[in-house]
Amino acid sequence: MRYLKLPKEKMDFFTSVLHKFGEIHAPLKKGEKHFTFGKIPNWSAVALEYNRTILPLKKYFLKPVDTLFRFSIGKGYEPTIEDADKKLLLFGVHSCDIYALKILDLVFAGMYVDNYYFTRRSHIGIIGIDCVPDEHCFCHSMRADTVSDGFDLFLSDIGDAYLALVGTSLGDDIVLATRPLFQEVTRADIEEYKRRSNERTKSFKTDVELRDFAGIMEMEYGSATWKDLGDRCLSCGSCSMVCPTCYCYDVYDELNLDQASGQRKRIWDSCLRKEHALVAGGENFREHRSDRVKFRYYHKQRGFVAEYGRPSCVGCGRCIVACPAKIDIVEVIEKIRGEESGHYSIEHGASR
Amino acid sequence: MDTTQLSMAHHAKERNPYQPQLARIVRILPMVKDNYLFQFRFLDEAMVKSFTHRPGQFVMLSVLGTGEAPISISSSPTRPGIIELCVRRAGRVTEALYRLNHNDVVGIRGPYGNGFPIEEMQGNSLLIIAGGLGLAPLRSLLWYALDNRSLFKDVTLMYGAKSPADVIARDELVSLTNRQYLNCLLTVDKDDTGTWKEHVGLLPHLFDYATIDSNNTYAAVCGPPIVFKFVLQKLLERNFSKNRILMSLERRMKCGVGKCGHCSVGYKYTCIHGPIFTYWDAINLPEII
């Protein structure tokens with residue numbers, strides 16, 4: 001891979017050229033302490049020092065509400081992809097969010113390829129940027145604190161310049177279009193990059209051990225901790241909405257006023273919602289909140305490991321910040337591991 | 001995006017896994033209360049010719065304006081052209097289907113799911129055990145076996161319902177009791193009509209009327225949870241291998257293709273890893289039955 005140096009004083013000019021590669025979306029300040037990814041009004045509005053945005057990047061690829069088909073008597077179901085040709089450039093994406101997209105890629109590919117997701121994926125460029133972890137970041141534990149692919153360009157702060165890693169052909173095109181702004185990387189730049197990288201790794205305040213957690217999840221399937229969590233959880237689904245790798249969706253048909261045509265849409269869903277596993281006739285396979293909380297953890301930390309070889313959590317910390325009941329995934333994992341609470345009763349043993 | 005993703009995206013343009021194909025209702029055959037057998041035929045003749053499935057697979061059925069629901073295919077791939085779905089009137093989509101008449105148009109996409117491992121089952125005996133409406137996904141396997149009778153050794157059907165009025169496809173099942181090379185055992189919990197000439201008693205009692213060599217038999221089971229519980233017990237008592245007990249499961253499904261998340265059990269998706277699971281799968285997956 002190719003490294004180049006982009007002096008910070010050239011950023012204004014660099015970003016002014018970026019427009020030709022797509023509409024630029026970047027982190028913007030929202031209210032006092034929140035950030036959101038959105039279309040930039042001007043470069044000065046971009047908040048590159050952000051910790052995390054409220055919603056993750058999945059909103060660009062798997063839209064919160066998405067029209068899949070227009071249907072009518074006579075014409076049947078006609079597929080439609082909103083913004084299919086709209087070119088976007090996401091500027092200032094953190095490693096954990098890039099990693100999360102790589103996880104979503106696995107889900108939406110496979111035997112049946114979701115063309116709604118991949119059409120947008122092919123039209124949206126990603127320029128990553130490094131970050132400073134705060135108290136909720138545990139991406140290091142989830143091995144999502146750095147990425148070596150999944151971006152077109154990745155910028156790492158080395159003081160008065162960024163070290164720019166060129167990831168794709170599009171990234172290379174961007175560099176070529178702004179070539180005079182870039183400089184060759186010196187030995188000192190590399191030393192500075194390594195110094196900062198090591199410092200960053202040491203700066204994580206939150207760490208959880210997950211290597212054998214899938215197995216522990218199995219053993220602790222009957223742990224009373226799940227019941228305690230069920231008592232606290234409000235089933236609001238906020239954790240799923242803000243999660244960069246939660247992809248569950250519901251599908252519904254919307255009729256137009258003529259009663260003869262309409263749209264088939266999908267909408268973000270959450271396994272915390274009571275209806276998630278409800279089948280026609282009234283049988284609900286996860287009726288209790290404790291079943292559903294446990295399922296969410298089980299799917300991310302155990303189920304995904306079995307299917308794709310790694311947990312589907314990237315340690316972004318969004319669910320910790322968003323939970324109105326103050327359920328903290330790091331605390332839950334530590335409790336299940338027994339690192340904090342010591343021991344707890346296994347009421348139901350291995351019963352199903 | 002890397003090249004594999006791009007090629008996937010390119011491929012995706014050609015096939016949309018969510019695309020329903022229009023089909024018309026050919027016939028509606030009332031079977032028992034709120035359980036009718038609907039026969040469908042695709043409008044597009046090319047679809048009629050190309051559609052095939054494995055016994056045990058399902059389709060996603062759309063009724064215009066009401067959404068989609070997963071329904072097992074009840075017909076056998078040995079009888080192509082018409083897709084038969086035994087539909088229970090239980091939710092929004094199926095309610096809407098019951099308001100339609102023959103020649104009305106619906107959307108169908110699929111087939112989905114793993115289906116029964118028929119290649120692996122060939123050369124062995126078949127024991128098909130269905131309780132109540134559980135016959136719907138197993139009827140496909142039953143007719144597949146009857147139409148390919150030489151592929152299997154003994155074929156046994158055990159079917160149980162609460163009362164004669166609850167026996168699904170009653171005429172078809174009763175006529176099968178006279179069929180050669182099929183041991184068709186039917187029972188009702190209680191005969192309140194005086195017209196029932198088959199067995200009376202709970203489904204597991206039918207094991208008393210069948211000779212089963214568990215070493216060379218695959219058992220396919222579907223029914224309400226209580227059926228699973230007692231039938232599994234009987235099969236295990238007879239030393240069935242856990243890999244040769246096959247079960248068809250029902251879950252909420254919104255996509256049918258392993259994306260929407262609703263049908264997950266433990267770490268598997270019912271729609272792509274199932275809906276046919278072995279008993280070995282079941283004891284390793286929480287919440288499965």
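Visitor: How many bridges join β4(A) to β5(A), and do the two strands run parallel or antiparallel?

Guide: β4(A) and β5(A) are joined by four bridges and run antiparallel. This is a predicted model, in which local features need pLDDT of at least 70 and side-chain atom pairs count only at pLDDT 80 or more, while totals for chains, interfaces and linings use all residues. Residues are numbered from 1 along each chain as its sequence is written, and chains are lettered from A and ligands numbered from 1 in the order in which they are written. Strands (E, at least two residues) and helices (H or I, at least four) are DSSP runs numbered from the N terminus, and two strands pair if DSSP finds at least two bridges between them.

Within the pair, F71(A) has Y77(A) of β5(A) as its bridge partner. The two strands belong to an open sheet of four, ordered β5-β4-β11-β10 in chain A, with antiparallel pairing. β5 and β10 of chain A are the edge strands with a single partner each, so each has one side without a neighbour in the sheet. On average, neighbouring strands of this sheet are turned by 30° against each other, direction ignored (axes are lines fitted to C-alpha atoms, for helices over the stretch in contact, and angles between N-to-C directions run from 0 to 180 degrees).

The domains of chain A come next. An automatic or database assignment supplies the domain bounds, and for chain A they are domain 1 (2–202) and domain 2 (213–337). The C-alpha centres of these two domains are separated by 26 Å. Their contact takes 33 residues from domain 1 of chain A and 26 from domain 2 of chain A, where two residues are in contact if their C-beta atoms, placed from the backbone, lie within 7 Å. On the side of domain 1 of chain A that touches domain 2 of chain A, β4 and α3 of chain A each supply at least two residues. That side of domain 1 of chain A has 24 nonpolar, four polar and five charged residues; Ala, Val, Leu, Ile, Met, Phe, Trp, Tyr, Cys and Pro count as nonpolar, Asp, Glu, Lys and Arg as charged, and the others, Gly among them, as polar.

Chain B has its own strand called β4, residues 67–72, and six of its six residues are buried, that is, with 20 or more other C-beta atoms within 10 Å of their own, C-beta atoms being placed from the backbone. From β4(B), G67(B), A69(B) and I71(B) point one way, and E68(B), P70(B) and S72(B) the other way. Strand β3 (residues 58–63) of chain B runs antiparallel to β4(B) and is joined to it by six bridges, with V63(B) opposite G67(B). β3(B) and β4(B) form a hairpin with three residues between them, and G65(B) in the turn has a positive phi of about 85°.

How values were computed. Buried ≥ 20, exposed ≤ 12 C-beta atoms within 10 Å, placed from the backbone.
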